[in-house]
Amino acid sequence: MLTVDRRTFVKASAMAAAAAAASGSNRAFALTVLNNQPEGSPLKWQKAPCRFCGTGCHVMVGTENGRVVAIQGDQKAEVNKGLLCVKGYHVGLALYGKDRLTTPMLRKNGKMVPISWEEAIETIASKIKANPKGFALYGSGQWTIGEGFAGNKFMKAGLGSNQIDGNPRLCMSSAVTGFLSTFGVDEPPGVYDDIEACDVAIMWGNNMAEMHPVLFSRLVDRRTRGEKVTIIDMTTRRTRTSDLADHVLYFKPHGDLAIANGIAHLMVKSDKYDKDFVAKHCNFRKLGPKPDEKSPPDMLGVPMTFEEFAAAVEPYTPEKVEELSGVPADKIRMLGELFMRRDIRINSFWCMGMNQHTRGTAINCIVHGIHLMSGHFGKPGDAATSLTGQPSACGTVREVGTLCHLLPGGRLVANAEHRKEAEELWNVPEGRIGAKPGYHTVEMFKRFNTPTDQGGDITTLWVQVTNPGQTLPNLNRNFRAKKDLADKFMIVSDVYPTATTELADLILPSAMWVEKNGMYGNSERRTQQWFKMVSPPGEARDDCWQLIAVSRRLMDLGMEGMKGKDGKWIFHTTDKAGKEVPIWDWAHYYDVNVDERLFEEYRPFSTKKHKNLAPYQEYVKSRGLRWPVVEQPDGSWRETRWRFSEFDDPYVAKGKGFQFYHSVSKDDKALIWFRPHEHPPEMPDNDYPFWLCTGRVLEHWHSGSMTRRIPQLHRAMPKAYVEMNKADATRLGIRNNEVVTVKSRRGEIELPVWIGGRGDPKPGEVFVPFFDEGKLINLVTLDEYDPYSKQPDYKKCAVTIVRKG
Amino acid sequence: MQTKTARFRVKVEWIWLGVLAGGCALVAATSVVGGQSQASPLTVASMPVPASPPAASAMMPGDRASQSLPWRLNNPAPNLVPESRANPAAVVDKLAARVRSMEQRATLRAYEGAPPVIPHAIADLNIQSCRACHAEGLRAGDKIAKMVSHTYLTNCTQCHVEAAGPLLGNDPLLPNSFHGFRSSGYGGTRAWAGAPPVMPHTTFMRTNCVSCHGEHGYDGWRPDHLSRTNCVQCHVPAAEFDQLAPTFGLPDVADGQSPGGAAPR
């Protein structure tokens with residue numbers, strides 16, 4: 001049997017033969033093979049950011065004969081310095097699952113049948129034309145920057161509709177509202193360099209060892225080099241991160257607000273906060289009154305004095321915090337002492353624990369607040385770092401603004417001036433962009449899943465690069481109800497069959513990752529670029545082309561919105577000679593680099609809020625650049641690592657030290673918020689006595705549609721489970737691996753119990769990962785969300801565990 | 001020595017198929033008959049075989065260096081550490097041992113250069129326990145725990161996952177058609193027969209040569225001079241895999257060009 005390809009085999013055989021002939025002995029055969037001379041690597045290596053999480057590692061992709069065959073960590077990349085995680089090393093396999101979608105399919109008489117791309121584009125265009133206001137686009141933090149920008153322009157400048165939102169609503173939006181409330185502008189002031197510079201790293205409900213392993217290695221491997229770094233793991237369950245932590249502080253779900261307020265309390269009480277920094281650079285803030293019974297108070301709040309702030313945090317004594325959070329009072333004191341020290345650098349990290357939280361904005365604000373108050377801000381190693389889950393949640397959704405209330409560059413649809421600027425840059429008539437924000441994610445899906453005559457005014461929904469059929473909370477209500485509604489039409493662009501395509505009426509096969517040109521933006525404001533390296537399978541095509549082709553078809557059908565002020569198509573593209581390139585025709589889509597064109601069109605937006613991006617070609621040369629990237633007198637482009645700090649940020653005026661130049665209070669100061677601890681909307685009771693927390697595992701990325709098709713990852717972590725504390729299992733007589741029912745007020749699923757497994761929850765708590773489409777835990781979760789970020793809380797709801805039989 | 005006896009009888013038929021631009025493409029069909037009673041279970045045809053021709057100078061008939069090689073192989077260097085301490089069988093037939101090692105290695109890797117999966121159960125919540133065996137490497141019966149090949153990286157399970165997790169049942173695997181790159185073979189380029197071979201792989205994450213080439217390394221991969229410890233004095237990595245080499249310059253791509261070499265669409 002041949003185990004190598006024929007070419008290789010025959011070549012080697014020839015050599016063996018030559019040698020045998022030369023020496024006349026069989027012994028020479030072995031020698032020849034042993035001493036064979038490789039002719040040099042047959043592989044072509046090119047850079048790309050990893051397809052998976054928001055860390056933004058760069059990989060070197062090895063291709064041969066038009067296929068990806070190997071991956072290396074990119075040693076030139078500052079983010080990962082040559083190291084990857086197991087997902088990154090196997091990212092190339094994500095392209096080659098045998099069930100890749102390769103042809104458009106339309107539901108006809110209840111069955112999915114293959115159709116042509118022409119019919120697919122025509123179907124979408126006619127659906128939109130029939131009811132433009134009832135059409136919504138649901139995008140993703142895995143959209144490339146070009147895709148997000150095209151989608152945003154298509155909706156807001158083309159259709160004049162703000163019914164576009166993205167899945168970062170489910171994962172990052174509380175971080176956004178936290179940054180906006182505190183600094184007046186989104187995204188972290190610090191960078192990953194803080195990981196090497198800090199003395200203390202605090203994990204706020206963040207299992208970094210599994211979720212951002214490369215960054216965690218940057219932290220813990222410092223110890224191997226003889227450096228000292230103290231890791232404090234604040235968590236509700238024991239994880240692999242706890243394993244390497246110096247202190248593991250277990251807190252009750254929702255207890256994080258009490259802990260953060262407890263730290264503020266200790267700083268005020270001992271009078272040891274950084275008075276100079278606070279006096280020069282901070283204002284205190286609280287929420288104002290509710291405008292009416294139904295609405296929450298304004299997110300940007302009202303001023304409060306230091307005395308009022310001191311009185312507000314007064315109740316949060318270490319003993320009171322212990323009662324609220326379960327963390328012993330002496331540990332709260334330890335945290336307070338650390339923040340009061342001037343001789344150390346403290347870096348806080350968080351991800352979904354603080355963001356998927358009905359009080360997500362509040363806890364984000366308080367953590368920024370204690371860093372500002374203590375002066376642990378804006379110096380290398382002193383930072384509050386929010387990590388992202390998706391590769392371009394920042395680069396695409398937050399920066400390009402593919403949310404229902406945003407415009408590119410951090411601008412708002414509700415602001416007339418911002419709309420006018422966007423209309424000018426997009427060259428569309430004044431008044432084209434709607435003033436009213438569209439529906440946020442949960443609302444969008446609720447309306448799509450509600451009969452049209454009962455207020456369900458979204459009738460056609462286009463989902464790209466995401467899997468809401470698995471990731472939305474409370475799926476029965478928010479996703480599956482659509483099934484019985486005849487007048488609802490769902491279009492899904494994806495690469496594999498998923499829980500979402502299951503209910504799709506039209507499926508579009510997409511190109512993924514290095515099958516197309518693309519750009520991503522990671523958690524530390526780093527914008528990254530890659531080129532297409534291999535062809536997509538079958539009929540699969542770029543998501544961006546799909547949007548552009550529909551836009552063109554709508555213009556041809558007479559939709560005036562698809563034209564700009566000059567009467568030309570909104571995606572009008574010309575070659576160097578000024579001749580129009582028909583990019584709506586797939587045969588000509590790669591005649592120009594559409595990704596570069598869209599990026600250059602987007603760039604002027606980025607300067608509006610000092611998020612300046614460099615020209616496309618600068619990203620071609622680099623392993624990403626962190627914005628603001630500012631042109632220097634010599635024509636080079638300089639990235640910025642520490643925003644708002646004079647020593648690094650070119651936008652800070654000389655002599656200021658720090659300047660929050662987008663300050664909410666318009667005085668260059670950041671805000672230190674008071675937000676009280678409050679109980680979550682659903683808590684365990686007699687009927688549903690357990691807390692349920694959901695999350696990820698190292699091997700799988702989000703809904704697993706890619707990683708479950710990679711044998712090495714799937715075999716290591718093949719299915720979902722429910723982690724339980726040994727004490728609870730013993731009390732209920734449950735054995736390891738026994739299948740039980742996890743049931744909430746909304747739904748139930750069956751899962752095997754894993755005691756002493758990957759993680760170890762405290763008594764009264766259970767944990768279920770969400771990667772397994774065969775065991776959808778989001779049938780069980782709660783769809784309550786933060787009133788500001790509209791981000792649902794996947795981390796806390798009440799369930800019961802029922803034994804079978 | 002047993003290695004001196006013929007293990008394979010090779011019958012060769014030459015078939016010239018054609019000439020390619022830039023050089024001759026030698027294409028031959030070879031039929032191989034395994035040795036009789038003592039034959040290796042592997043036939044030559046099932047071996048992953050090298051991808052490229054020898055340098056012109058390497059095997060020229062009459063080349064003194066090539067003539068001296070069999071002598072060298074049969075007359076071990078004075079500082080030889082007997083491979084038999086690790087696995088006597090490996091000494092008997094180094095070639096077959098190499099082939100077995102290549103195959104064994106490939107079963108744990110999606111492609112050459114991928115972090116190997118873990119062929120045993122692990123303690124899920126104590127990732128430091130890996131060090132107990134893999135820090136120094138050890139042998140227990142016929143099982144080898146390899147010493148880590150790279151500098152100590154704390155979070156072992158970041159890159160290495162179980163080949164079969166504790167929850168793996170009989171559920172079917174979703175099929176994947178990925179074909180990983182495989183190393184061509186059994187040694188690196190030599191400038192002439194007898195010259196120290198260059199390493200046929202990058203040294204990034206493989207700084208500890210004895211992990212694979214030492215006593216607890218792979219059968220057939222141990223040098224005959226284990227007592228020499230400064231490996232890179234004589235052996236240098238091949239540049240093809242080294243990202244720091246100039247071949248990794250990035251393309252500047254203008255409109256209309258397909259940078260990856262793949263045809264667009």
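Predicted model: local features only at pLDDT ≥ 70, side-chain atom pairs only at ≥ 80, totals over all residues.
**View 1. Strands β12 and β13 of chain A pair in a mixed, open sheet.** Strand β12, spanning residues 282–286 of chain A, is joined to β13(A) by 3 bridges, and the two run antiparallel. One residue pairing within this arrangement sets A:Lys286 against A:Val302, its bridge partner in β13(A). The sheet as a whole is open and has 3 strands in the order β13-β12-β26 (chain A), with mixed pairing. Its edges are formed by β13 (302–304) and β26 (670–673) of chain A, each of which pairs on one side only, and from one strand to the next the twist averages 55°. Strands of a sheet in general pair through backbone hydrogen bonds, in either the parallel or the antiparallel sense.

**View 2. Helix α17 of chain A lies across strands β12 and β26.** The helix comprises residues 360–373 of chain A, and its direction makes an angle of about 115° with that of β26(A).

**View 3. A parallel open sheet of 5 strands in chain A has the order β11-β9-β8-β14-β15.** The strands at its edges are β11 (247–250) and β15 (383–386) of chain A, each pairing on one side only, and neighbouring strands are turned by 15° against each other on average when direction is ignored. Strand β9, which covers residues 230–235 of chain A, pairs with β11(A) in the parallel sense over 4 bridges. Within β11(A), A:Val248 is the bridge partner of A:Asp233.

**View 4. A:Trp350 is placed in strand β14 of chain A.** Strand β14(A) takes in residues 346–350 and belongs to the parallel sheet, where its place in the order is between β8 and β15 of chain A. A:Trp350 counts as buried because 26 C-beta neighbours lie inside 10 Å, the threshold for burial being 20 or more. Once neighbours within four places in sequence are set aside, the residues in contact with A:Trp350 are A:Trp204, A:Gly205, A:Asn206, A:Val367 and A:Ser386. A separation of 13 Å lies between the C-alpha atoms of A:Trp350 and A:Glu524, although these residues are 174 apart along the chain.

View 5. Just after the helix, A:Asn427 adopts a positive phi of about 60°.

**View 6. Chain B contains 5 helices and 6 strands.** Along the sequence, these elements follow the pattern β-β-β-β-α-α-α-α-β-β-α. Chain B has 265 residues, of which 26% count as buried. Among its contacts between residues at least 6 apart in sequence, 69% join residues at least 24 apart.

Key
Residues numbered from 1 in each chain as written. Chains lettered and ligands numbered in written order. Buried ≥ 20, exposed ≤ 12 C-beta atoms within 10 Å, placed from the backbone. Contact = placed C-beta atoms within 7 Å. Pairing = 2+ DSSP bridges. Axes fitted to C-alpha atoms, helices over the stretch in contact; angles between N-to-C directions.
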